[in-house]
Amino acid sequence: MKKILSNTMLLVAGVLSLASCNEDRDSNPTLIQPTEFVLNTPTVVNGTLDLALTNGLDLTWSQPKYTAENAPVIATYYVQVSSTGSFNKEFNTNAKDDAENAGADFITLDETSTVCSTSVAGAALAKALQQLNNWEDGALPATVDLNIRLKSAVLDAGFNSYNDIVSNVVKLTVAPYYFELKDADPVSWYLIGGDIADGKWTDDIPTSLFPLQPQKDYEFDKKTGDGELVWTGYVAGNGFKLKKAPGDWDHQWGMNGSDFVENDGGSGNITLAAGYYTVTLNTGKHELKVEPYEGTPSVYPEMLISGSFNGWGTDTKMNPVHVFDGAVNHDWYIELTLAAGDEVKFLTDSSWSTNWGSVPARILADGLYGYGESNGANISVSEAGTYIIILNDITGYYRFIKK
């Protein structure tokens with residue numbers, strides 16, 4: 001099939017011809033379908049390429065013959081990799097679920113080139129192999145085949161591709177490494193005790209055991225999820241502790257004299273004078289701070305939640321979390337069943353004068369969280385399910401925990 005190059009393409013080719021793989025020639029070429037496209041064999045083909053130690057794998061190739069006159073044409077080149085070498089089904093990096101990529105055996109890397117050479121980072125190759133094979137951490141093979149080919153395409157003025165052609169396949173032996181495809185969720189820790197929720201020291205979330213919040217804008221460890229967790233609220237001097245998970249008293253924070261201590265089963269409760277405090281736990285540094293909160297938070301007699309689930313009505317009330325003796329509540333919860341795509345906001349009364357919407361939320365394995373802002377956007381739920389929804393009206397923090 002032939003196609004006459006548009007004036008736009010000829011202009012681009014003329015301007016960028018020095019970046020092409022052949023010398024410029026004065027002509028009005030006709031685009032044809034190439035029949036040959038050669039990826040050169042990298043120098044590392046006879047050894048094992050350790051991807052963890054590889055800054056870049058250098059690749060070079062010949063330009064496909066896109067015109068009978070062999071005139072320069074600016075093509076776009078894509079690197080494709082496979083561990084099987086079959087190249088039958090392409091991995092979709094935007095797939096909605098794993099089932100969509102079942103049987104996928106090759107992937108096209110994000111980086112492209114318009115010249116006949118490129119350097120592919122070892123991390124990009126490790127990520128591609130991890131996406132294709134879904135290895136567990138610690139269960140990777142020592143070496144694996146890495147099959148590489150190039151795809152070439154000419155893009156028109158609308159960035160549509162045509163006259164695609166793929167090169168020969170080059171097989172290398174590589175040592176892969178585990179690539180974390182999704183950042184780890186922030187680790188969870190909880191407050192419990194006489195100053196928390198119902199004050200009963202049980203493991204019911206959130207009515208007795210209450211989760212701390214990931215610190216706003218904190219950069220959590222992408223592999224471990226360690227970082228800074230906080231909670232701001234009122235305590236009445238009844239005492240509390242921190243524990244890592246329901247039923248887990250092996251990982252706790254308490255008090256020994258005037259010092260906060262970790263994993264000491266004999267430690268006492270953290271007992272403070274009545275007032276507002278911010279509790280800050282850094283799980284990576286193993287540091288706990290409890291500091292007086294500066295400011296006078298508004299105290300709301302009730303909290304409402306409104307959204308597509310109730311036709312944006314203003315009659316759905318949330319429950320106060322902290323109902324211990326002497327409590328001043330600033331955390332609220334409700335259990336709701338939501339459909340995918342449902343949107344919600346929080347408000348203090350039917351006037352909508354005080355309400356919390358959202359900047360984009362972070363998606364978690366069991367739901368999502370974020371920090372609401374006054375008159376912010378609707379909070380969207382991407383996955384249907386029953387959720388425990390929590391809001392802190394001092395910080396604007398909200399959390400959707402899928403049951």
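**Aromatic rings and their neighbours**

Modeller: K151 lies over the face of Y78, 4.9 Å from the ring centre, where a charge sits over a ring if NZ of Lys or CZ of Arg is within 6 Å of the ring centre and within 35 degrees of the ring normal. This is a predicted model, in which local features need pLDDT of at least 70 and side-chain atom pairs count only at pLDDT 80 or more, while totals for chains, interfaces and linings use all residues. Residues are numbered from 1 along each chain as its sequence is written, and side-chain values use heavy atoms, with hydrogens and water left out. R149 likewise lies over the face of F106, at 5.2 Å from the ring centre.

Turning to ring pairs, a search of the whole structure finds 13 aromatic pairs (rings of Phe, Tyr and Trp, the last by its six-membered ring, with centres within 6.5 Å; planes under 30 degrees apart are stacked, over 60 edge-to-face, the rest tilted). One of them joins F37 and Y77, whose ring centres are 6.0 Å apart and whose planes meet at 40 degrees, so the pair is tilted. F37 is in the loop between β2 (30-31) and β3 (48-50), whereas Y77 is in strand β5 (residues 76-82), so that the pair links parts of the chain 40 residues apart (strands are DSSP runs of E, at least two residues, and helices of H or I, at least four, numbered from the N terminus). F37 counts as buried because its relative accessibility is 4%, and Y77 does so at 2% (buried is under 20% relative accessible area, exposed over 50%, partly exposed in between, with a 1.4 Å probe and protein chains only).

Y300 and W356 form an edge-to-face pair, 6.0 Å centre to centre with 90 degrees between the planes, and both residues are buried. Finally, F346, Y387, Y398 and F400 form one aromatic cluster.
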